[in-house]
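This briefing is for a reader new to the structure shown below. It covers helix packing, the nonpolar core and some backbone details.

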Amino acid sequence: MSLHVLDTPATAPPSQVPALLHRTGAAGAAILSRWGLLLAFLLLWQVASVQGWVSASVLPPLGTIAGALWRGIVGGALLDDLAISLQRSGLAFASAVGLGIPLGLLMGQLRPVERALDPILQLFRQTSALALYPVFILLLGLGEASKVFVIFWATLFPILLATIGGVKEVDAKLIEMARSYGATRATVFRRVILPASVPQIFVGLRLSATTALLLLIAAEMIGANRGLGFQVMNAQYNFQVPLMWAAILLLALLGLAANAVLVLLQRRLCRWSADAR
Amino acid sequence: MGAQAIARRGEVAVRGLSKSFALAGGRLNVLRGLDLDIRAGECLAIVGASGSGKTTLLRMLAGLESPDAGEVRIDGVPVRGVGTERAVIFQEPRLLPWLTVLGNVAFGLEARGLPPPEAEVRARETIHLVGLADFEAAFPRQLSGGMAQRAGIARALAVRPEILLLDEPLGALDAMTRMTLQEELARIWRDERVTMILVTHDLEEAILLADRVLVLPRSKGERPRLVDVALARPRDRSEQNFVALRRRLMAELSLH
């Protein structure tokens with residue numbers, strides 16, 4: 001954009017028409033630089049599939065996948081999978097948020113509590129949730145509880161650790177300022193520590209949302225008979241490749257949607273922060 | 001000197017004040033047995049090399065730190081922690097980045113228990129006073145350094161303290177902004193009739209604003225010295241007596 005401006009000689013202002021062309025061109029260039037690679041990727045997929053460069057039975061044409069997606073949604077099969085997957089990951093994520101944020105806020109402020117809990121938290125965090133999934137199945141059975149719990153387990157730590165970090169990193173000078181005006185501990189917490197931690201907490205939330213979907217798919221692939229993760233695996237077994245791709249696509253869209261919601265929320269809550277992205 | 005005649009509150013008495021800090025391999029004595037009387041409505045500047053304890057003294061006056069020995073009395077009452085008759089202006093504006101200028105200035109009032117609507121009204125008045133009326137709705141990141149410090153000053157003034165404690169308040173600003181804000185502080189001191197205690201490393205600032213200058217020695221063997229600034233206000237930095245006093249203070253400082 002700025003290049004166009006620089007290219008225009010300052011002495012001879014351009015007429016309206018070339019300016020408009022420049023602007024449309026600039027807008028086109030912006031769209032192209034943002035979405036160009038994605039479009040090229042989709043185009044390559046389509047051409048490769050139709051031209052037979054790759055086996056169309058593994059990478060079906062986009063239209064076939066869209067068709068499978070449409071049938072799955074209209075017929076309700078994929079919708080049921082989507083609903084149960086959303087329920088599992090949503091329940092686990094909400095529980096992780098409900099426990100992780102309050103616990104993190106507490107731990108970030110009480111140094112002894114944090115010091116006492118830190119070793120065991122580090123151990124838990126470093127133990128892969130998937131490695132523990134068989135244990136959870138033994139404890140909670142093959143039903144919903146073990147699936148929700150394994151997702152909850154994996155999502156809890158990013159939120160918890162980000163919240164603790166957020167609280168600990170609050171500028172001590174701001175806390176002292178509040179204290180110098182006689183603010184009580186509760187006021188300092190509510191008006192300084194909490195708002196200052198929000199950006200960090202959101203980092204944890206976004207990380208946790210990604211983790212939740214990852215664990216959801218893994219858990220559903222291992223021990224489920226419904227859900228998008230199950231459908232990906234099941235469609236592959238039955239060689240319903242377009243349906244498999246449709247389920248994968250839905251999972252990708254789910255991830256994008258979750259992230260978009262969190263980004264939107266973050267923008268609303270962190271308008272003051274220059275780096276709220 | 002009219003301010004002193006009218007302001008009867010905001011008198012500070014320091015008796016035998018001592019403070020040391022634990023340091024690797026021993027203790028560092030920062031202040032040892034300091035006695036000092038600050039009159040109500042006076043402007044006292046505290047100067048001294050870094051490590052002379054000037055900021056520590058101010059923090060003890062503010063109640064943000066407690067002395068090892070001795071005490072500070074304000075209007076006869078011993079200081080125990082922070083108090084509503086004092087307000088601190090820090091070197092950094094220390095604005096809450098998620099609040100607007102209005103929110104930040106109202107913050108101190110709200111922290112002291114004033115209901116938000118009333119706090120807002122008084123915050124508006126004070127913002128006007130420091131010339132930030134057009135920036136009420138701005139967030140701190142949108143402010144220049146000088147404007148941010150003005151907001152910090154407004155926050156302190158809004159609580160209507162008897163004693164204003166300033167810890168190198170203009171130290172981080174560029175020369176031009178600093179000069180403007182020095183004039184502003186002189187005006188505020190005159191109009192608000194507060195006791196002003198100002199820690200600074202800028203001798204010109206000390207002479208421009210203060211009735212007396214406390215020179216803290218670097219070596220703890222020597223006694224702190226009080227220097228009267230017997231210059232008529234408003235003061236002129238280029239005037240002969242001003243320059244002479246500046247030279248004298250410089251000599252005092254380098255002696256220690």
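Helices (H or I, at least four residues) and strands (E, at least two) are DSSP runs, numbered from the N terminus. A:Ile164 is found in one of these, helix α7 (residues 144-168) of chain A. The model is predicted, so local features need pLDDT of at least 70 and side-chain atom pairs count only at pLDDT 80 or more, while totals for chains, interfaces and linings use all residues. Residues are numbered from 1 along each chain as its sequence is written, chains are lettered from A and ligands numbered from 1 in the order in which they are written, and side-chain values use heavy atoms, with hydrogens and water left out.

**A residue in helix α7 of chain A**

- A:Ile164 has a relative accessible area of 6% and is therefore buried (buried means under 20% relative accessible area, exposed over 50%, partly exposed in between, with a 1.4 Å probe and protein chains only).
- Leaving aside neighbours within four places in sequence, A:Ile164 is in contact with A:Gly104, A:Met107, A:Gly108 and A:Glu114 (contact means heavy atoms within 4.5 Å).
- A:Ile164 and A:Pro102 are 62 residues apart in sequence, and their C-alpha atoms are 9.7 Å apart in space.

**Helix α10 of chain A and its partners**

- Two packed helices are described by the angle between their axes and the distance between the axes.
- Helix α9 (residues 185-223) of chain A packs against α10(A) at an angle of about 50°, with the axes 7 Å apart (axes are lines fitted to C-alpha atoms, for helices over the stretch in contact, and angles run from 0 to 180 degrees between N-to-C directions).
- α9(A) and α10(A) are therefore oblique to each other (angles under 35 degrees count as roughly parallel, over 145 as roughly antiparallel, 65 to 115 as roughly perpendicular and the rest as oblique).
- In this pair, A:Ile217, A:Glu220 and A:Met221 of α9(A) meet A:Leu228, A:Gly229, A:Phe230, A:Val232 and A:Met233 of α10(A).
- The contact of α9(A) with α10(A) divides into 6 nonpolar, 1 polar and 1 charged residues (Ala, Val, Leu, Ile, Met, Phe, Trp, Tyr, Cys and Pro count as nonpolar, Asp, Glu, Lys and Arg as charged, and the others, Gly among them, as polar).
- The axes of α10 (residues 228-237) and α11 (residues 241-269), both of chain A, come within 8 Å and cross at roughly 160°.
- That angle makes α10(A) roughly antiparallel to α11(A).
- Among the residues making this contact are A:Leu228 and A:Val232 of α10(A), and A:Met244 and A:Leu251 of α11(A).
- By class, the contact of α10(A) with α11(A) has 10 nonpolar, 2 polar and no charged residues.

**The largest nonpolar core**

- The largest nonpolar core has 147 residues, and those with the most contacts inside it are A:Val192, B:Val12, B:Leu164, B:Ile197 and B:Val213 (a nonpolar core is a set of buried Ala, Val, Leu, Ile, Met, Phe, Trp, Tyr and Cys residues joined through side-chain atoms within 4.5 Å).
- Beyond four places in sequence, the contacts of B:Ile197 include B:Val12, B:Ile38, B:Leu58 and B:Leu164.

**Backbone details in chain B**

- Most residues other than glycine have a negative phi, and most peptide bonds are trans.
- B:Asp75, in the loop between β4 (69-74) and β5 (77-78) of chain B, has a positive phi of about 50° although it is not a glycine.
- B:Asp75 counts as partly exposed at 25% relative accessibility.
- B:Arg193, in the loop between α6 (175-192) and β8 (195-199) of chain B, has a positive phi near 55°.
- B:Arg193 counts as partly exposed at 42% relative accessibility.
- The peptide bond from B:Arg233 to B:Pro234 is cis, with omega near -5°.
- B:Pro234 lies in the loop between β10 (225-228) and α8 (240-255) of chain B.
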